[in-house]
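Hi,

Here is the structure for you to open. Have a look at the aromatic side chains, then read on for what turned up.

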Amino acid sequence: MDSVIDRAFAAALYGDGDDGLDTGASLLAAAPDTDADLRRRGEEYLHRAWRHGWQPADVIRLVRRDLDDPHVRLVADLIRGETARYAHLPPRWPAQLADLGPHGEPARDRDRFTRATVHLQLYRLLLRLPPIEPAGPPPGDTVPGPVQGEPRALTRVRALLAKAEATGYPEEAEALTAKAQELMARHSLDEALLAARTHAKDVPTACRIGVDAPYETAKAILLDAVAAANHCRAVWSEAYGFSTVVGFDSDLESVELLHTSLLVQGTAAMTRAEAGQRAAGRKRTKTFRQAFLMAYAHRIGGRLAEAGEHAVREAAAEAGGESREAASLLPVLAARDVAVTDHTERMFPETTTTRVRGVTDAEGWHHGTAAADRAHVTPRDRRGGPALP
């Protein structure tokens, strides 16, 4: 004989309408002794999601997009409970768990019917999560390695970019970003040469970065540009609100840092441009913002590509021109590019090209291009090194 949980789930989770949800919630509301089993079932759906390639940040992002705040709080609470059972977690998971927010299952003051409805709506979404390309091992399959702190160079980069985002002076932001780019470029090259000299078994891996609405096409293009400049590859999964970035660990960290900072700086520049337009008596709309971010992403991409080429030339010159290290630099980078491309093609054997809609606001395009130029991604001299080879 089916349990109350089974009958509630049969009614609520396998249909599209609200009638089944109401039936299932009514069954659960009338059976207080099902609460523990209801929670256990939710953790089982999460365990299934991890085995299908999903990670905590992916699930939170999708729930936040498709459902409401009570569902976000509920799934965060379930994630904490489910992941607490593992002795070791994959490398990027602790940071994702730290971003879940305050503890505590939500809405205990709600009536039982409303609480049951929230659970069933969430579980219906979790049940329908399809298998996706894994960006790392699931919990339980992780072999613990030595605990390592963040490299000092990236700690300094993070601090410089935070200052660049906070300042209201474009010239200061420009100088701080340029210095951060110099440090990231040197860190990336040093990591590549060290791996080659020590014959380390360094292989590409992957991470996911959210690409949220609105203007997600422009944001995905910006991320793709930053990834390419760092010898990484980005594949956008529009339906799920993220891009998967494939590359070596040190380069992935740089992509995450720089993409976030450029997006913050670009959004701030867009806000200032809109204020100027309004002050001049011209009302700007969604088309202005879309054109601004598209131009910003396009221009940043071109300048980052130039910066990457310059960084390699500078590193070779500083290494001594024809010295052994300089001679080995280009083959090392080429081998890493091939490894990243191969790994990407294995993860995503079939990809499609996204058609970008035409930009209709010339003022938005002009201001976005100007903002990208102010980001200063090429060095002014040999000491103001370029970003992200």
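This is a predicted model. With ring centres required to lie within 6.5 Å, the count comes to 8 aromatic pairs.

Start with Trp54 and Phe242. Their ring centres are 6.3 Å apart and their planes stand at 85 degrees, so this pair is edge-to-face; the cut-off for that class is over 60 degrees. Trp54 sits in the loop between α3 (35-51) and α4 (56-66), while Phe242 belongs to strand β3 (residues 242-247), so the pair ties together parts that are 188 residues apart in sequence. Both Trp54 and Phe242 are buried.

Next, Phe288 and Phe292. This aromatic pair is tilted, with 6.3 Å from centre to centre and 40 degrees between the planes. Both residues lie in helix α12 (residues 286-319). They are 4 residues apart, about one turn of the helix. Phe288 is buried, and Phe292 is buried too.

There is also a cluster. Phe9, Tyr45 and Tyr123 make up one aromatic cluster.

Which charged residue lies over the face of Phe242? That is Arg208, at 5.1 Å from the ring centre. Phe242 therefore has two partners to look at: Trp54 in the edge-to-face pair and Arg208 over its face.

Arg336 places its charged end over the ring of Phe248, 3.8 Å from the ring centre.

Best wishes

How values were computed: Residues are numbered from 1 along each chain as its sequence is written. This is a predicted model: local features need pLDDT of at least 70, side-chain atom pairs count only at pLDDT 80 or more; totals for chains, interfaces and linings use all residues. Side-chain values use heavy atoms; hydrogens and water are left out. Rings of Phe, Tyr and Trp (its six-membered ring) pair if their centres lie within 6.5 Å; planes under 30 degrees apart count as stacked, over 60 as edge-to-face and the rest as tilted. Helices (H or I, at least four residues) and strands (E, at least two) are DSSP runs, numbered from the N terminus. Buried means under 20% relative accessible area, exposed over 50%, partly exposed in between (1.4 Å probe, protein chains only). A charge sits over a ring if NZ of Lys or CZ of Arg is within 6 Å of the ring centre and within 35 degrees of the ring normal.
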